[in-house]
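Here are a few notes to read alongside the model, for someone opening it for the first time. Keep the 3D view at hand and go point by point.

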Amino acid sequence: MPLDPRYTLAALDTIGSTNDEAKRLARQSDAPTLTLVWARRQSAGRGRLERRWMSPEGNLYWSCVVRLPLVGGQAAPVAGDLCFAAAAAVVATVRRLAPGVADLAVKWPNDVLLGGAKTAGILVEADNGAAPFAVVGIGLNVAWAPDDTPYPATCLAAHGGTADVARAFDALSAAFLHYHDLLITAGPTAVRADLDGLWARLGERIEVRAGAEPLVGVFEGLDSHGRLCLRLDNGRRRTVTVGDVFFV
Ligand code: BT5
């Protein structure tokens with residue numbers, strides 16, 4: 001499957017972080033929207049809050065520049081909506097490359113789980129300078145998963161999926177373009193609709209770490225902005241914009 005010509009690809013062997021490289025390119029004003037950085041391995045892959053993303057050869061390290069604001073649709077999408085577009089693209093990719101997988105879920109806001117274990121992570125970073133842009137970074141475990149993470153991790157190959165990273169690149173790039181365009185033409189609600197029924201632990205007790213004090217309550221769903229809604233034990237409802245979900 002050829003890469004859609006709307007992308008501009010930088011394919012690399014080793015880089016510190018594809019997100020950092022995409023940001024570097026985006027700050028050079030001639031890098032167009034949909035500039036894509038793909039590396040075979042990362043020596044300093046990052047998760048959120050500067051956590052480490054284990055990045056040996058065999059998995060997919062994919063980062064895309066999206067120039068903002070996107071226009072059109074029912075609402076002007078913000079960078080956070082791109083996280084949901086990325087999650088929906090990963091879900092479509094996993095379904096394509098590991099057909100028949102059961103127990104596919106999204107742990108709000110940015111993890112894709114297979115059999116309850118993390119198979120992909122998403123890191124969206126926005127730059128709201130004079131020429132605003134976001135970098136959508138996706139790490140997809142294709143052939144390998146770490147065994148020393150606080151939460152279990154897995155990879156596509158362990159679920160009968162492909163171990164071919166080039167196929168994963170093709171499928172993810174096509175799926176992301178679909179959701180990028182859906183965001184522009186139909187708005188964030190249409191993108192999130194494709195994640196309905198996939199939210200891990202919906203209706204169950206979870207713990208959310210978003211500030212100093214962890215919040216524990218029942219995960220009631222997302223509001224119209226994609227924020228997590230939690231019914232606390234005291235009956236009050238809290239919405240969380242950013243945070244980490246833990247299963248209790
Ligand atoms: C994420 O952060 O899940 C976002 C990961 C984004 C990685 C991509 S790779 C391409 C692009 N370039 C980058 O530098 N980053 C992006 P977070 O929710 O903070 O989860 C990080 C945690 O996941 C770590 O602290 C580990 O516990 C765990 N982890 C690390 N490597 C992993 C892996 N390969 N598979 C599963 N879990 C992993």
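**Notes on the sheet and its aromatic pairs**

1. Start with β4 and its partner: β4 and strand β5 (residues 111-114) run antiparallel and are joined by 4 bridges. Across that pairing, Val 106 faces Val 112 of β5. Bear in mind throughout that this is a predicted model.

2. Now zoom out to the whole sheet. It is open, with 7 strands in the order β1-β2-β3-β7-β6-β5-β4, and the pairing is mixed. The edges are held by β1 (8-15) and β4 (104-107); each has a single partner strand, so one side of each has no neighbour in the sheet. On average, neighbouring strands here are turned by 20 degrees against each other, ignoring direction.

3. What packs on this sheet? Helix α3 (residues 165-186) does, touching β1, β2 (35-42), β3 (60-67) and β7 (133-140). The direction of α3 makes about 25 degrees with that of β3.

4. On to the rings: the model has 5 aromatic pairs. Take Trp 38 and Phe 169 among them: their ring centres are 4.1 Å apart and their planes stand at 15 degrees, and since planes under 30 degrees apart count as stacked, this pair is stacked. Trp 38 belongs to strand β2 and Phe 169 to helix α3, so the pair ties together parts 131 residues apart in sequence.

5. Tyr 151 sits in the loop between β7 and α3, while Phe 247 is in strand β12 (residues 244-247), so to speak a link between distant parts of the chain, 96 residues apart. Tyr 151 counts as partly exposed, at 31% relative accessibility.

6. One more charge over a ring to check: which ring lies under the charged end of Arg 192? It is the ring of Phe 84, with the charged end 5.6 Å from the ring centre.

Terms used:
Residues are numbered from 1 along each chain as its sequence is written. This is a predicted model: local features need pLDDT of at least 70, side-chain atom pairs count only at pLDDT 80 or more; totals for chains, interfaces and linings use all residues. Side-chain values use heavy atoms; hydrogens and water are left out. Two strands pair if DSSP finds at least two bridges between them. Helices (H or I, at least four residues) and strands (E, at least two) are DSSP runs, numbered from the N terminus. Axes are lines fitted to C-alpha atoms, for helices over the stretch in contact, and angles run from 0 to 180 degrees between N-to-C directions. Contact means heavy atoms within 4.5 Å. Rings of Phe, Tyr and Trp (its six-membered ring) pair if their centres lie within 6.5 Å; planes under 30 degrees apart count as stacked, over 60 as edge-to-face and the rest as tilted. Buried means under 20% relative accessible area, exposed over 50%, partly exposed in between (1.4 Å probe, protein chains only). A charge sits over a ring if NZ of Lys or CZ of Arg is within 6 Å of the ring centre and within 35 degrees of the ring normal.
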